[in-house]
Amino acid sequence: MTDHLQPRLRILLAEAIAVGPGKAELLRHIREKGSISAAARAMSMSYRRAWLLVDTMNHCFLAPLVGTATGGSHGGGAHLTEMGEEILKRYEAMESKANAALAPDIAEFRKLMQLHTPEENAS
């Protein structure tokens, strides 16, 4: 078990998670790989799961975060739209601010938590 504690920021729209740590990671992989399926593989996730996450994000914002091109002789692909880039940038900034603001509280939590597995404590 790791002793790295950190808060996890999620932005909700009604019951849907519009963006959170996993979706932000998926967006970064899509940007890097140019493909939802390659991004899914990089995260050890099924294509269907990745597509559902992208679909949720695309429906939560005023414009889609991920654009796709269907396959063909040149293949398909996916890319972050201007809105996707903006949302990812803002989410990462919010995450940094939250981590910095909560660092003293996390330090206090650390003092109160068992940070090792029972096997590690026995040795």
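The bend at a residue is taken here as the angle between two axes, one fitted to the seven residues ending at that residue and the other to the seven starting there; the views below come from a predicted model.

**View A. The kink in helix α4.** Helix α4 bends by about 55° at A103, a position that comes shortly before the proline P104. The 31 residues of α4 should span 45 Å at 1.5 Å a residue, and the end C-alpha atoms of the helix lie 43 Å apart, which agrees with that expectation.

**View B. The buried side of α4.** Five residues, namely G84, I87, L88, Y91 and I106, are the buried residues of α4. The elements against which these buried residues pack are the strands β1 (11-13), β2 (16-19) and β4, together with the helix α1 (21-33).

**View C. T81 in the loop between β4 and α4.** The loop that holds T81 lies between β4 (77-80) and α4 (82-112). T81 counts as buried because its relative accessibility is 18%, and buried means under 20%. When neighbours within four places in sequence are left aside, T81 is in contact with P64, L65, V66 and G67.

**View D. A nonpolar patch on the surface.** Y47, W51 and L52 form this patch, and together they have about 290 Å² of accessible area. L52 belongs to helix α3, which covers residues 47-60. With a relative accessible area of 32%, L52 is partly exposed, a class that falls between the limits of 20% for buried and 50% for exposed.

Technical notes: Residues are numbered from 1 along each chain as its sequence is written. This is a predicted model: local features need pLDDT of at least 70, side-chain atom pairs count only at pLDDT 80 or more; totals for chains, interfaces and linings use all residues. Side-chain values use heavy atoms; hydrogens and water are left out. Patches are made of residues with over 30% relative accessible area and no salt bridge: like charges are joined within 9 Å, nonpolar side chains (Val, Leu, Ile, Met, Phe, Trp, Tyr) within 5 Å. Accessible areas come from the Shrake-Rupley method with a 1.4 Å probe; for residues, only the protein chains shown count as cover. A salt bridge is a side-chain nitrogen of Lys or Arg within 4 Å of a carboxyl oxygen of Asp or Glu. Helices (H or I, at least four residues) and strands (E, at least two) are DSSP runs, numbered from the N terminus. Buried means under 20% relative accessible area, exposed over 50%, partly exposed in between (1.4 Å probe, protein chains only). Contact means heavy atoms within 4.5 Å. The expected span of a helix is 1.5 Å times one less than its number of residues.
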